Amino acid sequence: MKKIILSLLLLFPLLLLNCSSDILSESSKKDYSNIVELNLPKDKINIFINGNNLELKSPIYLNQNRYFLCLNEIVDKLNGSFKKNDDKLNINILDINFTINTKENKFTDNNNNDFNLKSKLISADTYYYIDFSDLSNILNMYTHWDKDTKSIFCKTNDIDLNEITPYKSIIDTLGFLRIEDVELTNTTYDKDFFEKLRIMANYLSKKNVPFHIAWIPRYVNPEANVDNNPLVINDFSNAEQVYSLDYCLNHNGLIGLHGYTHQVGKEESAVGSEFGKFAPSIEGFKDKMEKAIRTASYLNIPITFFEAPHYVISKEQTIEAEKLFKILYYPYSFDGKNKLISSKPQLSPNNGSSYYIDTPLDYISLDDIESSLNNIKNADTKKMGSIFYHPRLEFKYISLSMEDNIPSYEYKSGSILERMINSLEEKGFKMSKVADIG
């Protein structure tokens, strides 16, 4: 009997300890609906990852057209782990291990590679909010943004494209690719514009072809009473635009300013011109470009070049542009009086430090696609293999789909972009970034 009593006495503390551990585990679960809110604009959106609605209880912030989500709750929702060690957060999500250095604003992946975060984590007490763009980059997500339901559907590990052979150059003549007239129109026919742009960027990245985005920061359509100014409009659509520009930057792309509104008067953006004979004022030019630069800075979008809309600009205005930009992505030509250099980037005769880049291969014309592609096949390799492309021409080759809340797409082979890249590769041009000039 004494042995039984002694055994019970020894067992009782263990039972009490296990019971206490269960109570501790239950009480340690965070109630994210009651965490202290930050003094930032909030928004209500739905986040789906690999088909699962996270149903976040913590606030979702939309600050300067960037969504910030509570990293702690995301880790909990995905049954991951979250450990803090001084300035480092060691995290596992969906079998993806990474470390965030909050002091250096970097994350380290499974292979011990370091990458800069786009935005600093926002910390509040023991909680951390991460820029959705950074979360997407860490988890390599393909995303579909549904404006009607304000939902973002995500698939980790992106979509595997068909086997793609990286581009190989065989000559030293430079080549440049520019994606033209990127803007947020908010029109029905453009509802998938940025998603398909990201798919193109993913293809070009896997092909190892650098590209340049000619971005119009402020879309204006006076006839439709539309003025999308991201400096004052903080919404879901603009957030996707900013996210997409980040995505391009993370996939071997560079961003440039294609004017400010790319229009004057009652014209629609991207249809009209903006400077030169249509608006020759130097002060007007300086004012618009200051606003464009301020918009990019506000959205944390680094700008590498400037392109005059339709290449229409006065000499006086372009001299002002040289004070703001190292790269002028248009030919140095005013009223046909100046000699064009198409064989290489042209050093400015004005300040001796800015460079002009011509596009001797012009662009792919919707009216005559085959002739445009033949221009590349018959190109003079003594001139730069520099060309620009309007992304909407590519969209018919991209089909979007959704199954069980998991987004996907099909990118048909033989697209115009694929044929254009193949033709440039056959000629052997050395596809490059304008940032590497000089």
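Author: Strand β10 (residues 122–124) and β11 pair in the antiparallel sense, with 3 bridges between them. Strands here are DSSP runs of E, at least two residues long, numbered from the N terminus, and two strands pair if DSSP finds at least two bridges between them. Ser 123 has Tyr 128 in β11 as its bridge partner. β10 and β11 make a hairpin with 2 residues between them, and Asp 125 in that turn has a positive phi of about 60°.

A quick word on the source: this is a predicted model, where local features need pLDDT of at least 70, side-chain atom pairs count only at pLDDT 80 or more, and totals for chains, interfaces and linings use all residues. Residues are numbered from 1 along each chain as its sequence is written, and side-chain values use heavy atoms, leaving out hydrogens and water.

Now for the other partner of β11. Strand β4 (residues 66–70) is joined to β11 by 3 bridges, and these two run antiparallel. Across that pairing, Phe 68 stands opposite Asp 131 in β11.

So how hidden is the strand? In β11 (residues 127–131), 5 of the 5 residues are buried, so the strand is largely enclosed by the rest of the structure. Buried means under 20% relative accessible area, with exposed being over 50% and partly exposed in between (1.4 Å probe, protein chains only). In a regular strand, side chains alternate between the two faces of the sheet. Both faces of β11 are covered: Tyr 127, Tyr 129 and Asp 131 are buried on one side, and Tyr 128 and Ile 130 are buried on the other.

Methods
Helices (H or I, at least four residues) and strands (E, at least two) are DSSP runs, numbered from the N terminus.
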